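The following paragraphs lead through a complex, beginning with the contact between its chains and then turning to the domains within one of them. Please keep the structure in view while reading.

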Amino acid sequence: MNKYKLFALGLTLSILLAACGGGGPASDNVLNLYAWSEYVPQQLLDNFTEQTGIEVNYDTYSSNEELMAKLQAGASGYDVVIPSDYTVTIMINQGLLEPLDKTQISNFSNIFDTLTGLSYDPQNDYTVPWQWGTSCLVVDTGKVTRPITKWADLWDPEFEGKVVLLDDEREVLGMVLSVLGYDKNSTDPQQLEEAKQKLLELMPNVKLFDSDSPKTALLAGEVWLGQTWNGEAALAHMENPDIQYIIPEEGCTVWYDNLAIPKDAPHYNAAMQFINFVLDPQESILITYEFPYSNPNRAALELLQTEDPQAYDAYMNFPATNPSADDMSRLKMIQDVGDATALWDRIWTEVKGGE
Amino acid sequence: MSTDKPELKRKHSLAHILRENSAVQGIALISPTAIYMLIFIVLPMILVAVLSFMSRGTYGNVVYEFNFQNYVRLVDPLYFRILLYSLGVGLATMVFTIMIGYPLAYFIARSPARKRSFYLFLILLPFWTNFIIRIYAWIMILRTQGLLNTVLLDLGLIQDPLEILYTPTAVLIGMVYEFLPFMVLPLYTSLEKIENAQMEAAADLGARPWKVFLRVTLPLSVPGMIAGSILVFIPAMGMFVVPDLMGGAKTVLVGNVIRNQFLTSRDWPFGAAASMLLMILTLAFTLYYTRKAGFGEELLV
């Protein structure tokens with residue numbers, strides 16, 4: 001009997017000790033980051049820990065919807081998330097975000113003026129830009145000899161089985177709607193039906209749908225052209241200079257990813273520190289080196305120009321990372337389609353599973 | 001000391017009950033499993049069932065108003081076609097795993113006892129590597145400039161590379177590969193139980209080897225085949241990773257429909273209704289087969 005009592009006492013004590021020792025002071029030295037996979041350089045997190053002593057736990061998601069699902073379920077325990085534009089709108093509407101303490105973000109002035117106060121958060125009360133980018137037309141000019149300038153070229157019968165599209169109903173149906181001359185965020189059933197028919201005509205040319213890594217099939221020579229994220233195109237271009245990125249005549253999607261703090265984040269101050277840290281030019285460059293999307297940080301790009309002119313030129317002269325003003329005028333954000341989501345989903349299911 | 005006594009006594013009596021009463025014994029033995037099942041299987045299922053009667057709000061939130069709308073939406077030729085297609089994929093996977101798995105299971109069951117466990121170990125070996133990684137390995141093998149085409153072209157067996165990846169053939173290869181062990185193991189269990197004496201008896205009575213197989217071995221292995229079929233067919237129907245990665249995501253299976261409701265459309269109630277329907281269908285299928293075949297052991301491999 002005594003043996004057991006001793007054991008129980010020891011166990012209780014050690015649990016108590018663990019609760020005091022582990023839980024107490026450590027809780028202020030942790031930051032729970034929930035972000036897209038392949039999106040935050042480890043070096044940046046290490047630098048943050050070195051400078052502030054705050055350990056970062058990096059969990060990943062692969063779609064905005066996954067992020068929303070987690071936060072809607074309540075008390076996720078995350079301190080910093082990286083939602084895209086239309087997701088920010090929804091999250092603010094649902095009260096899922098904590099307002100930012102702007103006095104703690106002294107580096108906010110590093111951001112391009114043109115990229116602050118965007119429609120989804122006009123005063124930047126909840127969000128600070130992280131990276132931005134586009135999803136446009138990618139072409140392997142080593143395989144496709146004729147010039148490609150518009151989405152409509154994808155329908156050419158010579159590209160049978162040679163096209164890759166994102167596995168994303170908003171991107172693909174949105175693209176088809178813009179080919180038809182309609183709004184890519186349309187909720188009109190008539191227009192969506194037309195888009196469905198038009199997309200069905202494209203299906204013989206589609207080799208695969210892939211949102212995770214569309215560049216893989218392109219680099220493997222499996223497909224010749226298609227739709228991809230700008231960062232993917234920039235990486236593919238580095239491996240194979242024949243791979244070009246085009247902002248098509250009909251226009252394409254522009255997206256803005258943002259740092260934000262979920263409602264009731266357990267480590268609000270650490271989160272604010274992290275957000276300000278990321279906006280530091282020296283740290284922001286790290287992102288551009290590793291994940292070449294478009295960087296909203298003006299100071300960071302200026303720093304890159306002086307420190308590494310070659311990388312800067314590569315960034316500035318490639319339309320995937322730096323679209324021209326003319327290109328920019330043809331870009332459009334995805335907006336939440338509200339109750340029409342069910343219709344969009346049905347059409348997508350019909351195209352893929354109909355026949 | 002005196003305060004300890006009643007407690008001691010109670011403990012003693014509890015131990016006494018446990019020793020003497022077989023019903024209490026049974027409950028005590030299954031309670032860890034039962035509690036686990038209750039918390040991690042029954043409760044989530046109830047949540048899913050309740051959710052399936054709710055509806056989607058404008059922003060993808062759940063609106064808690066009881067209605068049957070989701071089930072009405074499911075009664076639709078579109079979803080019926082997808083269900084039929086999924087059944088087809090499941091069935092094809094089942095047939096091919098039987099065709100490939102039967103000779104393999106037969107071989108293992110008939111080999112010397114000391115070698116059998118080694119062979120079974122080989123069957124299970126791939127499970128040590130993550131499933132997604134194994135699928136990517138297949139993508140490397142099957143792609144236009146992949147291993148298979150390079151070898152065949154170098155050997156001069158083909159002139160143009162075979163276009164297998166991102167076709168239904170690729171999906172079938174991936175599915176059969178993934179589910180083969182689930183067919184082989186129950187088949188092995190059935191085949192191994194067949195006594196050599198039974199076959200010898202058939203041979204003594206004048207049956208030729210193929211007749212022995214058809215009249216003795218095959219009928220005796222039917223329970224294993226059915227168990228394997230259930231283990232292969234049900235998960236194959238809901239599988240969406242293989243069609244997405246190896247088929248180029250060009251088709252929609254039941255699994256895709258459900259996943260899209262949660263991860264794209266943010267329509268949890270509709271997704272819940274679709275999974276309830278799938279669950280009911282598979283349950284009916286399993287019950288029908290287990291009743292008909294009257295077995296159980298093989299399923300427990």
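The contact between the two chains draws 26 residues from chain B and 29 residues from chain A. On the chain B side, two helices, H4 (77–110) and H12 (254–263), each contribute at least two of the residues that touch chain A. Sorted by class, this side of chain B comprises eleven nonpolar, ten polar and five charged residues.

The model is predicted, and its confidence values should be read alongside the contact just described. For the complex, the predictor reports an ipTM of 0.80 and a pTM of 0.84. Chain B has an average pLDDT of 88, and 93% of its residues score at least 70.

Chain A is divided into domain 1, made up of 29–132 and 255–322, and domain 2, made up of 133–254 and 328–353. Between the C-alpha centres of domain 1 and domain 2 of chain A there is a distance of 27 Å.

How many residues of each domain of chain A take part in the contact between domain 1 and domain 2? Domain 1 of chain A provides 15 residues, which are in contact with 15 residues of domain 2 of chain A. On the domain 1 side, the elements that supply two or more residues are helix H4 (85–93) and strand E5 (127–140) of chain A. Of the elements on that side, H4 of chain A gives the most, with four residues. By class, the side of domain 1 of chain A that touches domain 2 has ten nonpolar, four polar and one charged residues.

Technical notes. Residues numbered from 1 in each chain as written. Chains lettered and ligands numbered in written order. Predicted model: local features only at pLDDT ≥ 70, side-chain atom pairs only at ≥ 80, totals over all residues. pLDDT = per-residue confidence, 0-100. Contact = placed C-beta atoms within 7 Å. Nonpolar A, V, L, I, M, F, W, Y, C, P; charged D, E, K, R; others polar. Domains from an automatic or database assignment.
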